[in-house]
Every structure is written in structure tokens, then in C-alpha cells.
Amino acid sequence: MEIKMMQVAPLGTNCYLVCDETEKVCAVVDPGGSAKGVAAAIRETGCEPVCILLTHGHYDHTGGVDGLREVWPDIRVYLSHKDRFPPESAEARLFLPLGGEITDYGEGDTVTVGTLAIRVLSTPGHSEGSVCLLCGDVLISGDTLFADSCGRTDFTGGSMRKMMTSLRRLAQLEGNPAVLPGHMETSDLDTERRRNPYVLQALRSNAE
């Protein structure tokens, strides 16, 4: 497995290409609003994109989806139904409506990309439909877990109580996977267990 990371418009979202170099296929995670740049990066890998995995429905993570579908019309797009809203709704300003078929996914699902198995973890808090993606020793944490921080909870569907539950769950995962967040720098889970104030608060609240 090889993972390529790039920051994409409009808000410096981290987009990840999760590549199976053996089968020459990849998953695109959170293409933001930079379809052209992401498409160029995909071609550089030499892999065929087979799916787009969205950690949640906010426009800064999903804006490149329709543009990528123009290049690869058969690519499958995954997003929790909890983060999908009608185009005429007030929520559509933040949760960008997407064209074409969307495959719902959530807790307990596994997405196969070549020989890679990507496990889906439901982690509400930043939004109701937020998920994290666990593949081998890598955790793609979206806007749930950041280095030394966590995602905002003041948007539609956000909840600090649920965020604390999600952070506690992530902290209790086995091993020390690399943490690849939706914004800013990468980390690892041991570092976040040791010094992230929100993770420490989540673990304390569970013990009390």
C-alpha cells in the first residue's frame, strides 16, 4: 500500500490516494474542490481510481467529486446517508449536493480496493455521518481527529458529546496507526493518546 497526500482547495483539505500498487488501483479520499489537480495526481500514480471515499459531506471535502466523475464516469462514490441533504435545503450550503448515484456506507462496512480492505468506523461529532477509515496501520480520520485537536462541533449535525465518544473509541483502537487527518499535519495514535487534550478529556470522562 502506498498513500499519496495533497492539500486541495478551497480550505486546505487533505486529499489521500490510497494505492494498491500490485493491482494498480486506488481509492480517492476527500477530493475537496480540486478535481483537475486530483485527477493529475491520480494519473501520476499509474493507478486506476475505483472509488471515492468521503469522510463526511462538507463541501471542502466533496467538491471535487462531480469533476472526477466526468473523467471516470464509473467510479463509485461512498458517503453516509446522514450527511446528504436535498439541494433546496438550508443544509445544502455546507453539505454540497452531489450528482449521480451515491453508495451509503457506515459502521461495520468494508470497502475493497484491489487487495486492500478499508474498514469503515462511524465517528459522529463533527457531523452526524462522519466516518474514519482504517486500512492496515493507517487511520484516515477526516475531521474527527486532528493532530493535537479535533473537528468543530458547531455545524449542522455536530455534537461535542458524540465527538467525545468517537475520540474515545479511536483512542482505544489496537496498535499505533498513523493518523492522517482531514486538515493540517499527520500524526500517530500514540502521540494523540499522550498529548491531545480532547482525546485525554474523552478518556477521562469515560473513567469517571
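Analyst: Welcome! Let's start with a definition: on a 1 Å grid over the protein atoms alone, a cavity is a set of points where a 1.4 Å probe fits but cannot get out, and its lining residues have an atom within 4 Å of a point. This is a predicted model, so local features need pLDDT of at least 70 and side-chain atom pairs count only at pLDDT 80 or more, while totals for chains, interfaces and linings use all residues. Residues are numbered from 1 along each chain as its sequence is written, and side-chain values use heavy atoms, with hydrogens and water left out.

User: How many cavities of 30 Å³ or more does the search find, and which residues line the largest cavity?

Analyst: A volume is the space filled by probe spheres set on the grid points, which are joined across faces, edges and corners. Here the search of the whole structure gives one cavity of 30 Å³ or more, and the largest cavity holds about 50 Å³. Its lining is made of Ile 3, Val 18, Val 29, Leu 53, Ile 118, Leu 133, Leu 134, Cys 135, Val 138 and Ile 140.

User: Which strand gives the most to that lining, and what classes are its residues?

Analyst: Strands (E, at least two residues) and helices (H or I, at least four) are DSSP runs, numbered from the N terminus. Strand S8 (131–135) gives the most, with three residues. For the classes, Ala, Val, Leu, Ile, Met, Phe, Trp, Tyr, Cys and Pro count as nonpolar, Asp, Glu, Lys and Arg as charged, and the others, Gly among them, as polar. The cavity lining has 10 nonpolar, no polar and no charged residues.

User: And what lines the largest pocket?

Analyst: A pocket is an open set of points with protein on both sides within 12 Å along at least five of seven lines. The largest pocket holds about 220 Å³. It has 14 lining residues, with Leu 11, Asp 60, Asp 143, Phe 155 and His 183 nearest its centre. Seven of the lining residues are nonpolar, four polar and three charged.

User: Is Thr 13 buried or exposed, and what is it in contact with?

Analyst: Buried means under 20% relative accessible area, exposed over 50%, and partly exposed in between (1.4 Å probe, protein chains only). Thr 13, in strand S2 (residues 13–20), is buried at 0%. Contact means heavy atoms within 4.5 Å. Beyond neighbours within four places in sequence, Thr 13 has contacts that include Asp 60 and His 183, which are also among the residues nearest the centre of the largest pocket. By contrast, Lys 36 sits in helix H1 (residues 35–45) and is exposed at 76%.
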